[in-house]
Amino acid sequence: MKLYNTLTKKIEEFIPFEDNKVRIYTCGPTVYNYAHIGNLRTYIFEDILEKGLRYLNYDVIRAMNITDVGHLTSDADTGEDKMLQGAQREGKTVTEIAEFYTEAFFKDMEDLNIKKPEIIEKASDNVDLYIKMIQKMIDEDYAYISNGNVYFDISKAKDYYKLSGKNPEDLFVGVRDTVELDAAKRNPADFVLWFTLSKFENHIMKWDSPWGIGYPGWHIECSGISYKTLGEHLDIHCGGIDNIFPHHTNEIAQSEAYLGHKWCNYWCHGAHLNDNSGKMSKSKGEFLTVSLLKEKGYNPLIYRYFCLNSHYRNSLIFSFESLDTAKIAYNKLKNKVLSLNRVGNIDYQFKSEYQNKFKEALENDLNTSLMLTVTYDVLKDDRLNDATKFEIIKDFDTVLSLDLTKEVDKKVSDNLEQEILEKIKLRTEAKKNKDFEKADAIRNELLQKGIRLIDTREGTTYEIV
Ligand code: AMP
Ligand code: ZN
């Protein structure tokens with residue numbers, strides 16, 4: 001398997017620390033709001049990486065955190081905690097917000113056929129571990145206490161800027177929000193390991209520590225959870241490109257300071273999904289979520305297909321026009337696969353020939369669009385009977401996860417059918433009374449359940465989406 005390694009800026013042959021075992025850590029979501037489809041693009045790429053390695057017979061173990069404390073509104077150590085902001089916005093407790101959006105995230109993963117990592121840890125469940133790590137770093141002079149907070153001294157880290165390739169001079173001009181000009185710091189890029197109340201008095205989530213009541217910084221979470229769950233050596237660490245600096249840079253500095261040796265060999269980063277305005281954001285009123293796609297009648301796997309058509313290291317622009325194109329292509333592909341006659345003898349020679357082509361694309365730094373091309377080639381190949389084509393595509397779909405061989409259950413239960421017919425009646429009446437708001441509400445309510453109403457001259461019917 002060849003992977004692009006952000007650490008060396010090269011495509012490299014992947015060699016795990018231990019035989020066939022691969023330990024992967026992926027940064028999890030900050031659960032103060034729904035994930036936008038940009039965030040989910042990164043999780044799709046990580047899912048392909050994990051399933052791809054399994055396809056190549058590696059024994060994979062993957063861990064992910066849930067960030068429910070410490071991630072501030074700025075990547076520098078400034079601004080409010082995003083979780084507090086979410087709680088205030090919705091008039092709920094931080095715990096309620098965290099639970100709600102964690103579940104929503106898991107539902108998004110399920111809708112997109114993203115496998116859940118076998119290990120998922122909440123940041124707030126591991127504070128004792130962070131305290132232990134920070135204390136060791138203070139004892140060994142990697143960290144220092146200043147103005148009540150504990151900072152990591154970046155001048156003690158080896159090659160602090162290696163991952164990001166940044167030029168320290170560019171960061172020190174004080175115009176970037178990634179580095180805070182703070183008199184309490186020895187170096188402007190030093191970062192907080194532990195905040196005390198001196199900084200954010202209104203922080204709700206706080207713990208006792210040797211340095212005062214406070215809470216951990218964001219970066220220490222991932223170092224701590226990775227170490228706890230995957231041990232001292234990590235094979236692959238993933239995230240979106242925005243995580244390279246400062247988050248992953250700081251993770252390396254503190255993990256290597258704590259462990260006393262090199263920590264992770266391969267760093268893989270997914271490029272961003274942007275909208276036409278340039279950046280996908282959760283702060284804009286209606287941001288793009290999986291639920292929104294569903295409300296608009298898109299099967300979430302169309303979005304997965306859309307992502308797989310481009311390479312994870314290329315940035316991708318989202319528009320509904322391109323999603324519509326993906327929808328047509330996806331439905332056509334799936335219909336073609338489902339129309340294959342599955343009765344017949346499978347030709348295993350051809351299967352292995354195509355598996356090799358598929359592996360070649362996969363091993364070439366996760367070339368998903370080429371993996372799709374190989375899938376189309378199978379369908380076009382006249383030498384193959386239908387049963388063989390179906391068998392090969394079913395095998396590819398263990399990685400692609402597009403449900404290409406899964407029959408769609410086009411039947412609704414009798415109860416749901418009854419409900420749909422009643423709702424259609426109510427909507428027709430509402431339209432007659434010119435109550436279009438109510439009519440639209442009924443249409444949207446059904447769409448949420450995967451039922452799209454179709455108005456025809458003869459009346460309203462429905463389809464399952
Ligand atoms: P967050 O919930 O903000 O901590 O981000 C979760 C994941 O989404 C991280 O791996 C980020 O790097 C990634 N991410 C953030 N914005 C985007 C985007 N526009 N496109 C792709 N990935 C993103
Ligand atoms: Zn992280």
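Visitor: Which residue of β7 is the bridge partner of Ala-143?
Guide: The bridge partner of Ala-143 in β7 is Phe-152. This is a predicted model, where local features need pLDDT of at least 70, side-chain atom pairs count only at pLDDT 80 or more, and totals for chains, interfaces and linings use all residues. Residues are numbered from 1 along each chain as its sequence is written, chains are lettered from A and ligands numbered from 1 in the order in which they are written, and side-chain values use heavy atoms, leaving out hydrogens and water.

Visitor: How many bridges join β6 to β7?
Guide: There are 4, and β6 and β7 (residues 149-152) run antiparallel. Strands here are DSSP runs of E, at least two residues, and helices are runs of H or I, at least four, numbered from the N terminus. Two strands pair if DSSP finds at least two bridges between them.

Visitor: What sheet are they in?
Guide: An open one of 4 strands, in the order β6-β7-β8-β9, with antiparallel pairing. β6 (143-146) and β9 (214-216) each have a single partner strand, so one side of each lacks a neighbour in the sheet. On average, neighbouring strands are turned by 25 degrees against each other, direction ignored.

Visitor: Which helix lies across β6, β7, β8 and β9?
Guide: That's α4 (residues 127-139), running at about 120 degrees to β8 (191-196). Axes are lines fitted to C-alpha atoms, for helices over the stretch in contact (heavy atoms within 4.5 Å). Angles run from 0 to 180 degrees between N-to-C directions.

Visitor: Switching topic: at what angle do α12 and α13 pack?
Guide: About 165 degrees, with the axes of α12 (residues 368-380) and α13 (residues 386-400) 10 Å apart. That makes α12 roughly antiparallel to α13; under 35 degrees counts as roughly parallel, over 145 as roughly antiparallel, 65 to 115 as roughly perpendicular and the rest as oblique.

Visitor: Which residues make the contact?
Guide: Among them are Met-371, Leu-372 and Val-378 of α12, and Ile-392, Phe-396 and Leu-400 of α13.

Visitor: And α2 with α3, how do those cross?
Guide: At roughly 95 degrees, with the axes of α2 (residues 82-90) and α3 (residues 94-111) coming within 9 Å. That makes α2 roughly perpendicular to α3. The contact includes Leu-84 and Ala-87 of α2, and Ile-97 and Tyr-101 of α3.

Visitor: Last one: which residue in the hairpin of β1 and β2 takes a positive phi?
Guide: Lys-9, with phi near 60 degrees, in a hairpin that has 4 residues between the strands. In β2, Lys-10 is the bridge partner of Asn-5.
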